[in-house]
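I opened a notebook page for this structure and wanted to go from the whole chain down to one pair of elements. The entries below follow that order.

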Amino acid sequence: MNTKVLVSLALLVGMGAVLHAVIPPIFLGMKPDMMLTMMFLGIMLFPQARNVFVLAIATGAIAALTTSFPNGQVANMIDKPLTAFLFLGLFLAVRRYKQSVVSTAVLTAIGTIVSGIVFLAAALALGSFSAAQFFGLVAAVVLPATAVNTFAMIVIYPIVQTIVKRSKITSQMS
C-alpha cells in the first residue's frame with residue numbers, strides 16, 4: 001500500500017470521526033453516521049480490495065469507539081466491512097458508465113441504507129432492542145442519515161474531484 005494512499009485514507013477517516021463527533025443526535029441519542037460518507041469517498045478514490053479492507057476496519061474501529069448505541073461496538077465492526085465491500089462492488093459495476101454526482105449520490109444513499117440495516121440487524125441479534133422497534137429505528141435514524149449523507153456527498157464529491165484533478169494523488173475517481 002502506497003504511503004500517499006494510506007495518508008489520504010487516514011485523513012478521510014479522521015475527518016469522518018470529527019464529523020461524527022460534531023453532528024447532533026437526531027433520535028434518542030443516535031446520530032447519522034457521517035463516517036460512512038468519508039468511507040465511501042475513500043472507496044471511490046482508491047477502489048482496491050486491500051485499501052477497502054483497511055479503510056473498513058479503521059472506520060469500524062473508530063465508529064465502535066465513539067458509539068453510544070447498546071452493543072454498537074460489535075455492530076459497527078460487522079457493519080462497516082460488509083457495507084464497504086458491497087459499496088466497492090456497486091461502485092465497480094457503475095464505474096464503467098459516466099461517473100457523476102448523481103450516480104455518486106445514489107450509491108451513497110444505497111450504501112447508507114445497507115449500512116443502517118446491517119447495523120440494526122446486528123444490534124437486534126445482540127439483543128440491543130426488540131424486533132418490534134426495528135422498522136421504527138430504520139424510519140427514525142437510517143432514513144434521515146441517508147438524506148444527510150447523500151446531501152453531504154453531493155456537496156463534497158465535486159470538491160474532491162477538483163482536488164484530485166489538481167493534485168498528484170493517483171486515483172481511480174476520474
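Entry 1. What share of the contacts in the protein chain with a separation of 6 or more comes from residues 24 or more positions apart? I looked this up in what is a predicted model, and found that such residues account for 70% of those contacts.

Entry 2. I then listed the secondary structure and found six helices and zero strands in the protein chain, which reads along the sequence as α-α-α-α-α-α. The radius of gyration is 15 Å, close to the 16 Å that the globule rule gives for 174 residues, so I noted the chain as being as compact as a globular protein of that length. Along the principal axes, the C-alpha atoms fill a box of roughly 50 × 30 × 30 Å.

Entry 3. How do helix H2 and helix H3 cross? I found that the axes of H2 (residues 35-45) and H3 (residues 49-66) come within 10 Å and cross at roughly 170°. Because angles over 145 degrees count as roughly antiparallel, I recorded H2 as roughly antiparallel to H3.

Entry 4. For the contact itself, I wrote down Met 35, Met 39, Gly 42 and Ile 43 on the H2 side, which meet Val 52, Leu 55, Ala 56, Thr 59, Ile 62 and Ala 63 of H3. By class, the residues of this contact divide into eight nonpolar, two polar and no charged.

How values were computed: Residues numbered from 1 in each chain as written. Predicted model: local features only at pLDDT ≥ 70, side-chain atom pairs only at ≥ 80, totals over all residues. Heavy atoms only, no water. Axes fitted to C-alpha atoms, helices over the stretch in contact; angles between N-to-C directions. Helix = DSSP H or I, 4+ residues; strand = E, 2+ residues; numbered from the N terminus. Parallel < 35°, antiparallel > 145°, perpendicular 65-115°, else oblique. Contact = heavy atoms within 4.5 Å. Nonpolar A, V, L, I, M, F, W, Y, C, P; charged D, E, K, R; others polar. Rg over C-alpha atoms; globule rule 2.2 N^0.38 Å.
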